[in-house]
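The following questions and answers work through selected features of one structure. Please consult the sequence and the coordinates alongside each answer.

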Amino acid sequence: MDELLLRSLTPKVLGILVRRGADFAAAEDAVQDALIEAVRVWPAEPPRDPKGWLVTVAWRRFLDMARADAARRRREELLDAEPAPGPAPEVDDTLQLYFRCAHPSLTPSSAVALTLRAVGGLTTRQIARAYLVPEATMAQRISRAKRTVSDVRFDQTGDVATVLRVLYLVFNEGYSGDVDLAAEAIRLTRQLAAAIDHPEVAGLLALMLLHHARRASRTTADGTLVPLAEQDRGRWDSGSIAEAVEILQAALARDRLGEFQAQAAIAALHADALTAEETDWVQIVEWYDELARLTDSPVVRLNRAVAVGEADGARAGLAALAELDDTLPRYAAVAAYLHERDGDLATAARLYTEAARQAPNLAERDHLTRQAARLNTRRRS
Amino acid sequence: MAKYLLLKHYRGAPAAVNDVPMDRWTPEEISAHVQYMNDFAARLEANGEFVDGQALAPEGTFVRYDGEGRPPVTDGPFAETKDLIAGWMVIDVDSYERAVELAGELSAAPGAGGKPIHEWLELRPFLTASPNVADCH
């Protein structure tokens, strides 16, 4: 059975139930039940019309729950009424669902969890495993989130930027449990791009595809990080890169630049270089300048300092770095790298050690410790 | 979306404000304390922020490798209350600020006289396993 097909139908089915008048929280439960039923039944009896099957089963399930829940009279009344066709939706059902699940009233972790379940069609258990929390905790997080956005009405398009932030969070989470969250984020962003014509959605999709294309070469089998310059470029997924570049070029041609398009442009320039030496660092610095104008993020300026160091030499990079706040995350790591390029191995080793102490994750800490050890060994010999 | 360890130990932090040892509380005060901890964990679970909570036996054994073919060496316990790790809680929250807020609440668990203990809890972020996007240099 095609689990992805099943999950890709989730938002459409949920949208139809909500349009028929089911409240969001109950409809979402009903759709989950229908998905589970589909996994059970479809292998032996594949339906001719999968979506129709899911709508029928989910709607029946919703009515069963409404009947059982006599206290909720509003839904009881619905039983007698033939589902109204409803006004032609202003905004596509799927799109509304994305907006609802990323509603600004939700915390980021709630929005992520709700999006994965209601839009992605993942089970609570799968989401809990992916985020390494108990299933009961994840169930509560999702049901609270559903209550929070249950009464939100959508008469107009929501804010695309909030949806993109949620999808990017999912993408960044990496891979634990049996769900590949990066691949799932790409799938959801692709689905969003099909529902709305927006250059930043395209920009985010391109960015994800470009990062994903390098995944196999970014770590060794034992999880050791491989720096960009040392990655085996033959292992980059050229198909994904070509697709991303095409998507990005079409988006950029619209002349509505945003931060995801700019980040994708930088990633595309890296992907475009056959060897690390051929990287067009001058153009990358220009894109970082654009990005700094768009976001004013200190992290962007930190990355810009690295690019300046490559384009104009380590001294120039250090000068760019000197203008930034030295308490920024990864400041010490960037400083270490630039000092090494500048030939000051003692300072670089000391800064790599400091950076390792501040590293937010294990792979990065090990990488930075190894860099410090490499320089210290070289200095002793 | 970050995990933090709330560690209850007695190493290096100043004494709690209300630091009457537990064996000199009334039984009701102990019950109130336990209830507070249980309620706190239940509330975190209802918030979708609870990951784990465990209490530890006070006495432990030190163990180390002693060479090929030899059994591990054990030593201790070196039971000194100032070294005791009493237990921990793991939370999964949206921000450092939220983690601090929750640690503050946990530290308000009632002790002698039913008054908050104001004990020091150590808040430590978990290192995450796999960065996905950031390329390192």
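Two residues are in contact if their C-beta atoms, placed from the backbone, lie within 7 Å. Helices (H or I, at least four residues) and strands (E, at least two) are DSSP runs, numbered from the N terminus. The model is predicted: local features need pLDDT of at least 70 and side-chain atom pairs count only at pLDDT 80 or more, while totals for chains, interfaces and linings use all residues. Residues are numbered from 1 along each chain as its sequence is written, and chains are lettered from A and ligands numbered from 1 in the order in which they are written.

Q: Which residues of α11(A) meet α10(A)?
A: Helix α10 covers residues 181-195 of chain A and helix α11 covers residues 199-213. From α10(A), the residues involved are A:Ala182, A:Ala185, A:Ile186, A:Thr189, A:Arg190, A:Leu192 and A:Ala193. Their partners in α11(A) are A:Val201, A:Ala202, A:Leu204, A:Leu205, A:Met208, A:Leu209 and A:His212.

Q: How many nonpolar residues are in the contact of α10(A) with α11(A)?
A: Ala, Val, Leu, Ile, Met, Phe, Trp, Tyr, Cys and Pro count as nonpolar, Asp, Glu, Lys and Arg as charged, and the others, Gly among them, as polar. By these classes the contact of α10(A) with α11(A) has 2 polar and 1 charged residues, and the nonpolar residues number 11.

Q: Why is α10(A) described as roughly antiparallel to α11(A)?
A: Axes are lines fitted to C-alpha atoms, for helices over the stretch in contact, and angles run from 0 to 180 degrees between N-to-C directions. Angles under 35 degrees count as roughly parallel, over 145 as roughly antiparallel, 65 to 115 as roughly perpendicular and the rest as oblique. The axes of α10(A) and α11(A) come within 9 Å and cross at roughly 155°. That angle makes the two helices roughly antiparallel.

Q: What is the hand of the crossing of α18(A) and α19(A)?
A: Helix α18 (residues 331-341) and helix α19 (residues 345-358) of chain A pack at about 160° with their axes 8 Å apart, and this makes α18(A) roughly antiparallel to α19(A). A crossing is left-handed if the near helix is turned anticlockwise from the far one by less than a right angle, and right-handed if clockwise. For α18(A) and α19(A), the crossing is left-handed.

Q: How many charged residues are in the contact of α18(A) with α19(A)?
A: Helix α18(A) contributes A:Ala332, A:Ala333, A:Ala335, A:Ala336, A:His339 and A:Glu340. The residues from α19(A) include A:Leu345, A:Leu351, A:Tyr352 and A:Glu354. By class, this contact of α18(A) with α19(A) has 9 nonpolar and 3 polar residues, and the charged ones number 2.

Q: Which helices of chain A are among those that cover the buried residues of α14(A)?
A: A residue is buried if 20 or more other C-beta atoms lie within 10 Å of its own, exposed if 12 or fewer, and partly exposed in between; C-beta atoms are placed from the backbone. Of the 14 residues of α14(A), 12 are buried, so this helix is largely enclosed by the rest of the structure. Among the buried residues are A:Phe260, A:Ile266 and A:His270. The covering elements include α9 (160-172), α11, α13 (238-252) and α15 (281-295).

Q: Against which helices do the buried residues of α2(A) pack?
A: The buried residues of α2(A) include A:Phe24, A:Glu28, A:Val31 and A:Leu35. They pack against α1 (3-19), α3 (50-68), α5 (93-101), α6 (108-119) and α8 (135-149) of chain A.

Q: Is A:Arg218 buried or exposed?
A: A:Arg218 lies in helix α12 (residues 215-218) of chain A. Beyond its neighbours within four places in sequence, A:Arg218 is in contact with A:Leu225, A:Val226 and A:Gln231. Because A:Arg218 has 23 C-beta neighbours inside 10 Å, it counts as buried.

Q: Is B:Gly113 buried or exposed?
A: B:Gly113 is found in the loop between α2 (96-107) and β6 (122-125) of chain B. With 11 other C-beta atoms within 10 Å, B:Gly113 is exposed.

Q: What percentage of the residues of chain A count as buried?
A: Chain A has 20 helices and 2 strands, and its C-alpha trace spans about 85 × 45 × 40 Å along its principal axes. Of the 381 residues of chain A, the buried share is 44%.
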